[in-house]
Amino acid sequence: MITGNCLCGAISWTVEKLDHEISHCHCTMCRKAHGAAFGSYCSSSPEDFSWQSGEDKIVQYNSTERYPRAFCPDCGSVVPSKVGDGDMAIPLGCLNEDPKIKNAAHIFVKDKAPWHSIDDDLPQHNSYPGEDVNYPFESRACNEDGKMHGSCLCGAVAYEVTTPIKVVHNCHCSRCRKARAAAHATNGFTSIDGVKIIKGADKLKIFRPPDAKFFSQVFCTECGSGMPRLDESRGIAIIPYGSLDDAPEHTPDDHIFTGSKATWYEIADDLPQFEEMPG
């Protein structure tokens, strides 16, 4: 049996059997929903899936008719959802055990984030394998000189970045994996006065684990997308790169907290790796 839960633990589930292999989805909607470079999913039949707690708390944003986005309203973690009348889509970042299934492919690579590189040998598909599906998501890129822009999946929240990104980490810590429900988070760091919420500040919610010194998760209450966090104690802003609409010049510098890396994900690029936080 495999167990999973959101970051705060309010929503939990068990899976008796996982079907199919792991797909890493690079579509814009997955990047927005997870606030990460891609979402990683497998599936189970409804008969093999069981909610253990918090099913009544789940908020659902219907990004498409076929595929709703479900998330925890307390911490923002993406949680499993039923795809139409079929299987349960399971985000792997929230699992507590090794699913012991293979990585199969990258899908929707035509929508891949410009700041992320695919360096492994897995097959790549522009849609679902054997299908030609296009999800309607109009580009929000602004490309305004001196600024970058970002937004949540539903568009209720938008922000701009006016100062240079200082560093970008691919973070594999367990909190980031749970918060983003993904293989890892990719976060850009800049000065706190360089990020301004220009729309939907009243839609934002922040969750901080009780034992966290600095970590917290900021997300849109309408769709659950990870949004920038302003850390006044350190004078910095942390930007989930998956929420960006414009292509940043600063691409990831390294992988951090690899000592907590998901067992089902392999790092294939040549970026420096640190078991914890460097320096």
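These are my notebook entries on one predicted protein model.

**Ground rules**

I worked on a predicted model, taking local features only at pLDDT of at least 70 and side-chain atom pairs only at pLDDT 80 or more, while totals for chains, interfaces and linings use all residues. I numbered residues from 1 along each chain as its sequence is written, and I used heavy atoms for side-chain values, with hydrogens and water left out.

**Overall fold**

I looked up the secondary structure and found two helices and 21 strands in the protein chain. Helices (H or I, at least four residues) and strands (E, at least two) are DSSP runs, numbered from the N terminus. The radius of gyration is 17 Å, close to the 19 Å of the globule rule for 279 residues, so the chain is as compact as a globular protein of that length. That radius is taken over C-alpha atoms, and the rule is 2.2 Å times the number of residues to the power 0.38.

The C-alpha atoms fill a box of roughly 50 × 40 × 40 Å along the principal axes. I noted that 55% of the 279 residues count as buried. Buried means under 20% relative accessible area, exposed over 50%, and partly exposed in between (1.4 Å probe, protein chains only).

I also looked at contacts (heavy atoms within 4.5 Å). Among those between residues at least 6 apart in sequence, 63% join residues at least 24 apart.

**Strand β10**

I went to strand β10, residues 88–91, and checked both faces. Met88 and Ile90 are buried on one side, and Ala89 and Pro91 are buried on the other. In a regular strand the side chains alternate between the two faces of the sheet.

I then looked for partners, where pairing requires at least two DSSP bridges between two strands. Strand β4 (residues 39–44) pairs with β10 in the antiparallel sense over four bridges, and Tyr41 has Pro91 as its bridge partner in β10. Strand β9 (residues 81–82) also runs antiparallel to β10, joined by two bridges. Ser81 has Ala89 as its bridge partner there. β9 and β10 form a hairpin with five residues between them, and Gly84 in the turn has a positive phi of about 60°.

**Sheet β6-β7-β8**

I traced an open sheet of three strands in the order β6-β7-β8, with antiparallel pairing. The edge strands are β6 (59–61) and β8 (78–79), each pairing on one side only. Strand β7 (residues 69–71) is joined to β8 by two bridges. Ala70 stands opposite Val79 in β8.

**Cysteines**

I searched the whole structure for disulfides (cysteine sulfur atoms within 2.5 Å) and found zero. Cys154 is in no disulfide either, with the sulfur of Cys152 the nearest at 3.6 Å. Cys6 counts as buried at 0% relative accessibility, whereas Cys154 counts as partly exposed at 24%.

**Thr186**

I located Thr186 in strand β15, residues 185–191. Is Thr186 buried or exposed? Its relative accessibility is 0%, so Thr186 counts as buried. Its side chain makes a polar contact of 2.7 Å with that of Asn170. A polar contact is a pair of N or O atoms within 3.5 Å; within protein, one must be able to donate a hydrogen and the other to accept it, and residues adjacent in sequence count only if both atoms are side-chain atoms. Not counting residues up to four places away in sequence, Thr186 touches residues including Gly35, Trp115, Ile239 and Pro252.
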